[in-house]
Amino acid sequence: MTPAQRLRDLFARKEFLPMPGCFDGLSAKLVADAGYKVGFMSGFAVSGARLGMPDTGLISVSEMLDTLRSCVNAAGDMPIIGDGDTGYGNALNVQRTVVDYARAGAAAVMIEDQVSPKKCGHTKGKAVISREEARMKIRAAVEARTNHDILILARTDARATHDFDEALERCRLFEAEGADITFLEAPVSEDEMRRYCAAMTKPCMANMVHGGKTPILPGEQLGRLGYALAVYPIVTLSAAITAMRAALEAIKPGSNTKLPPMVDFPEMQQIVGFPAYWEREARYKAAELPNAR
């Protein structure tokens, strides 16, 4: 079964799906080990973790693909949705991005309608391409998967640059072009969230960013509003930064700060797979013959 088909099967169950963001193999493995059914490779988190730079279009498609492969390989059977940003160019670039993400093992790829270089959806300075160009990009994305099984997640940032009605109309057009999932970024009220979900016929995604523009609602409430998915794109990265800062402060000479809670070394070996590795290593260990030279 392909990753895309596993994701379709999850949608068929009509269950609300929370998706923590991941940004490398370890974070993807932790998301899967925690029992989540879907993971999301966040462009914000990858740019922050891999480059130490903001999500402003600075990261390349090659770096994103390399990270995606690591996330997919570490996540096991858990499907991963990959952030494909603007598709890294025009409609033909979008098609290559879709194919490359499918080959890397993504269950779905997110393509957005921002002007390149893009910006994080909850920060300033965004601009979007025209409605028709955005529509053609999603058409190109859908047509690119003729020989590759991958879902298309179509995102609009027009709520911030235009208004809610424009963003909603773009989502309707994306659905008409064959997008499997839509994402109206940064609605500013629960009413807008409800109206968006009510207008769509395919799965809708919410973005839960603490300190962002969209109300943070419990998962049960998001499900009642009509959302099929909610991404928590930076929750793992935010937690990691907090823990690393505390640990770095604690080991400074003369520091009175206590080390934060940490896994011990045996547990870390278990998490990254040493026991399974040792078991497999023993299976292929060459037998030593008497008087062998």
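How many positive and negative side chains does the protein chain have, and how far apart do the centres of the two sets lie? Please then turn to the cysteines.

Author: This is a predicted model, in which local features need pLDDT of at least 70, side-chain atom pairs count only at pLDDT 80 or more, and totals for chains, interfaces and linings use all residues. Residues are numbered from 1 along each chain as its sequence is written, and side-chain values use heavy atoms, with hydrogens and water left out.

The protein chain carries 35 positive and 36 negative side chains, and the two centres are 1 Å apart. Here Lys and Arg count as positive and Asp and Glu as negative, while His and the chain ends are not counted; each charge is placed at NZ of Lys, CZ of Arg, CG of Asp or CD of Glu.

As for the cysteines, a disulfide is a pair of cysteine sulfur atoms within 2.5 Å, and by this rule there are zero disulfides. C22 is in no disulfide, the nearest cysteine sulfur being that of C71, 3.9 Å away. C22 counts as buried (under 20% relative accessible area, with a 1.4 Å probe and protein chains only) because its relative accessibility is 0%. C204 is likewise in no disulfide; the nearest cysteine sulfur belongs to C197 and is 4.4 Å away. With a relative accessible area of 1%, C204 is therefore buried.

The C-alpha trace spans about 80 × 55 × 35 Å along its principal axes.

Methods:
Buried < 20%, exposed > 50% of the residue type's maximum accessible area, 1.4 Å probe, protein only.
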